[in-house]
Structure formats: C-alpha cells, structure tokens
Amino acid sequence: MAVVFEKPKALSDVPFHYCPGCTHGIVHRLVAEVIDELGIEGQTVGVASVGCSVFSYNYFNCDMVQAAHGRAPAVATGLKRALPENVIFTYQGDGDLAAIGMAETVHAATRGENITVIFINNAIYGMTGGQMAPTSLPGQVTQTSPYGRDVKTAGYPVRVCELLSTLTGTALAQRVTVDTVAHVKEAKKAIKKGFENQINKKGYSIIEVVSTCPTNWGLSPQEAITWLRDNMLPYYPLGVYKDIDAEGGDK
C-alpha cells in the first residue's frame, strides 16, 4: 500500500508537551517536513529558546543547542560562524525574541547573519503564567495587565517583521499563521524559503507565525482560533515584509 502521509523523519517519537489547541506542534511538524524535503537533517543544528518551546530539543532529530533566555540569535551566530556549511535555525517565542532577546535579534539581522529564525507570536508569555508580552495587543487582558494593556504606560505592541524589514541585512521577513489548511501550506512554503535562503547564503531570514495560546487566553482551542482571526490578524497582517529575491537579488 502506498504511503500518503507519515511522521517526518526529522521529528522524534517523543509526545509533545504542549497544551491542547497550541500551534507549536503544527509548526514543529512544518520545520521537520522542510528538513526532510531538503535532505539536511545531518547538517542541521537547531537552537532552542526559553519559553513553552524550551523542550524543542526533544522533538527534532537534528542536533540541538539550548540557549539562555533571549540569546538564541547570539548562539546561532557563533554556531554558523564556527560551522558555516551547517544549517542553523532558532525557534523562539515572542517573550524570548522580542523582549529580553530584542537586542540580539536586531543586531543578528542587521549584520545579515546567515541563519533562519522561526518566531512564534502568541501575544503573551506562555510558559511563565500569561504575563503581558511585547506583542500583547492594546487592551489585552493578561496576568500583569488585568485591566487590559494601556498603551499610555506600556507602549504599543512590537511588529517584529515590519521592524526587521527596514534592516539591510534581512533577506526575508514574512508573517504567516496556521489556522487553516491554506495558511498551513503558506507557512510551510515560507519556512522552506527561509532555509533555502540560508543554504544559498542570502542572509538573515525570519518567519513569524501568528499563533494561539488557549490556556493563557482563557479560551477553548476553537475559541482561540476565532480570537486570533478577530484580534491578532488585524494588528499583525499576514504577508511578506521583505524578500530580497523580489527586490532584485542579493544584497
């Protein structure tokens, strides 16, 4: 019988620890499928961040390195410079990448480090109890903003792809989501391009995935998908914010 669907070889047999309705598992699968399709498992090194995805090193069959909170881009930079022929990716949440790790993120991008960044944006600190994150929406209720995020005191959410698209070293900045089959396919295409950019030495690529956090949003998995569509996507529009291929080739 022909096999039409199976677990990617780049994914281990360890069950995910994520909450029901969390989209980390979908994105993990997409990353693993891309690794399989490109045939790069033996030369790939992933960098795990701190956050809900902290145990991602258990789920990928490629080599993995654990970074301190926010330092995944710095660790990835060191790995790529020491092992330039290897494929290096980071897997980071919004608290890790856009808060404590924002300096590392911006400077890795502006240097044009030839790495691939998978960025999960669920508008909240997931692992530590649901505090307000740099990406939490105006008026969003969290554990540390019980009356809603007040932009007068907390400022406005950071739009990471828009920010990094202004930097010369960025080769690709694209925002996707995984709430529908069509969007999952588009997300995989973006992730694959991010890895191909690195293989072709085009520079820094970031794929932002607008995601859910049903547990800390206090919603069911289905309600969380609806909340994502109604609230997150208007503030974080999907699309390509920078692609050097569309702008005329290499920097």
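1. Helix α2 (residues 72–82) and helix α4 (residues 102–110) pack at an angle of about 40 degrees, and their axes lie 7 Å apart. On the α2 side the contact is made by P73, A74 and T77, and on the α4 side by E104, T105 and A108; contact means heavy atoms within 4.5 Å. These residues divide into three nonpolar, two polar and one charged, where Ala, Val, Leu, Ile, Met, Phe, Trp, Tyr, Cys and Pro count as nonpolar, Asp, Glu, Lys and Arg as charged, and the others, Gly among them, as polar. Axes are lines fitted to C-alpha atoms, for helices over the stretch in contact, and angles run from 0 to 180 degrees between N-to-C directions.

2. The model is predicted: local features need pLDDT of at least 70, side-chain atom pairs count only at pLDDT 80 or more, and totals for chains, interfaces and linings use all residues. Residues are numbered from 1 along each chain as its sequence is written, and side-chain values use heavy atoms, with hydrogens and water left out. Helices (H or I, at least four residues) and strands (E, at least two) are DSSP runs, numbered from the N terminus.

3. Seven strands form an open sheet with mixed pairing, in the order β2-β1-β3-β4-β6-β5-β7. Its edge strands, β2 (63–66) and β7 (239–243), each pair on one side only; two strands pair if DSSP finds at least two bridges between them. Neighbouring strands are turned by 15 degrees against each other on average, direction ignored.

4. Helix α1 (residues 24–38) lies across β1, β3, β4 and β6, running at about 175 degrees to β3. Its buried residues include H24, V27 and L30, buried being under 20% relative accessible area, exposed over 50% and partly exposed in between (1.4 Å probe, protein chains only). The buried residues of α1 also pack against α7 (181–199). After α1 comes G39, whose phi is positive, near 65 degrees.
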